[in-house]
Amino acid sequence: MRFGGLTAVRSVDFTVNAGEIVGLIGPNGAGKTTFFNCLTGLYVPTEGTVTYKGTVLPPKPHLVTKAGIARTFQNIRLFANMTVLENVLVGRHTRTKEGLWSALLRGPGFKKAEKASEERAMELLEFIGLAHKRDHLARNLPYGEQRKLEIARALASEPGLLLLDEPTAGMNPQETRATEELVFAIRDKGIAVLLIEHDMRFVFNLCDRVAVLVQGQKLVEGTSDVVQADERVVAAYLGEPFQGEPGEEEAAEVAEAEAAAAAGQTDETDQTDQTDQVDSTREANKNTSAPETGNTPEETADTADSTTTDDVPSTTSTKGEAK
Ligand SMILES: Nc1ncnc2c1ncn2[C@@H]1O[C@H](COP(=O)(O)OP(=O)(O)O)[C@@H](O)[C@H]1O
Ligand SMILES: [Mg+2]
């Protein structure tokens, strides 16, 4: 993927198999989000193709979602002034005959026709632990819950492959731990997960495989052990060898944070900040041209009509190879 003279992602050949949790790590500016944008059709790759279950995907976000690939964004995108439940329903709109506008306008046929959809949306909210907040406005959720809600909205399109761009960014240790459990639970539902993350403990705890992107190129790919031990990775990215068992370290951190919470301290994210996380220009349904995330909620919410997840999800970019 080239932007003028800059090649942001070069010859990255990458496959995700069914049942896998795969991590994509690398320094800021390495091209990770650009890679996601190529996979999901937000960017049209200068070269290369994306293949899902043996079919080359057209670089159109709604068709990619329809095919069975859903994503969340590095910068949270929710409809700030819609409720939690409505945000998930929007994520389902192309799976229903009524479509987005009916879902948004809640016309006369909507409630009846969308009953099943609503039931499914509530199931997803229960799954992520936000059912009790169904009628809250998205903008009033704490930051960690907004991230969860984005995941629920992505799941609402019933994907076979879920792409998460920095799902724990800005989370406290408890929230990060909960997200880890959530990702395992998503995988256990038969959904493959590809995630970008800076929290190394999170990545190495979760992932079956990890790929390291440096300056747009894949430096190394392998199991957590292989990647952590790779000298080039240590030099280029980690800085120093990874110390100890990530699981134990994290457990200690969580225990400490929980003890602090029990002692009456709160770890709530600042509300003003949270509101800022919600992009209200998207909410107004305008097509903006923010380069990294040039998408509208409509596209974000695009969902699948006919996805089956019993096959092998696989993506390959920027050089294509079908699985
Ligand atoms: N739409 C765009 N136009 C021009 N340059 C871009 C665009 N999107 C990303 N880039 C550039 O591509 C490089 C990779 O960015 P990005 O994929 O966001 O990195 P990462 O997610 O790994 O931090 C950066 O140098 C960034 O400035
Ligand atoms: Mg990024």
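Here is a short chat about the strands and helices of this predicted model.

Colleague: Before we start, what pLDDT do local features need here?
Modeller: Residues are numbered from 1 along each chain as its sequence is written, while chains are lettered from A and ligands numbered from 1 in the order in which they are written. Since this is a predicted model, side-chain atom pairs count only at pLDDT 80 or more, totals for chains, interfaces and linings use all residues, and local features need pLDDT of at least 70.

Colleague: What is the strand order in the open sheet of six strands?
Modeller: Strands here are DSSP runs (E, at least two residues; helices are H or I, at least four), numbered from the N terminus. Two strands pair if DSSP finds at least two bridges between them. The pairing in this sheet is mixed, and the order is E6-E7-E8-E3-E9-E10.

Colleague: Which are its edge strands?
Modeller: An edge strand pairs on one side only. That applies to E6 (69–71) and E10 (217–222).

Colleague: Which residue in E9 is the bridge partner of Leu24?
Modeller: E3 has parallel partners: four bridges join it to E8 (residues 192–196), and four join it to E9 (residues 209–214). On the E8 side, Val22 is bridged to Leu194. In E9, the partner of Leu24 is Ala211.

Colleague: How many of the residues of E3 are buried?
Modeller: Buried means 20 or more other C-beta atoms within 10 Å of a residue's own, with C-beta atoms placed from the backbone; 12 or fewer is exposed, and in between is partly exposed. Ile21, Gly23 and Ile25 point one way from E3, Val22 and Leu24 the other, and all are buried. For E3 (residues 21–25), the count is five of five.

Colleague: Do E9 and E10 pair in the parallel or antiparallel sense, and which residue in E10 partners Leu213?
Modeller: Five bridges link E9 and E10, in the antiparallel sense. The partner of Leu213 in E10 is Lys218.

Colleague: Is H6 parallel, perpendicular or oblique to H7?
Modeller: The axes of H6 (residues 115–128) and H7 (residues 143–155) come within 10 Å and cross at roughly 140 degrees. Axes are lines fitted to C-alpha atoms, for helices over the stretch in contact, with angles from 0 to 180 degrees between N-to-C directions. Under 35 degrees is roughly parallel, over 145 roughly antiparallel, 65 to 115 roughly perpendicular, and the rest oblique. So H6 is oblique to H7.
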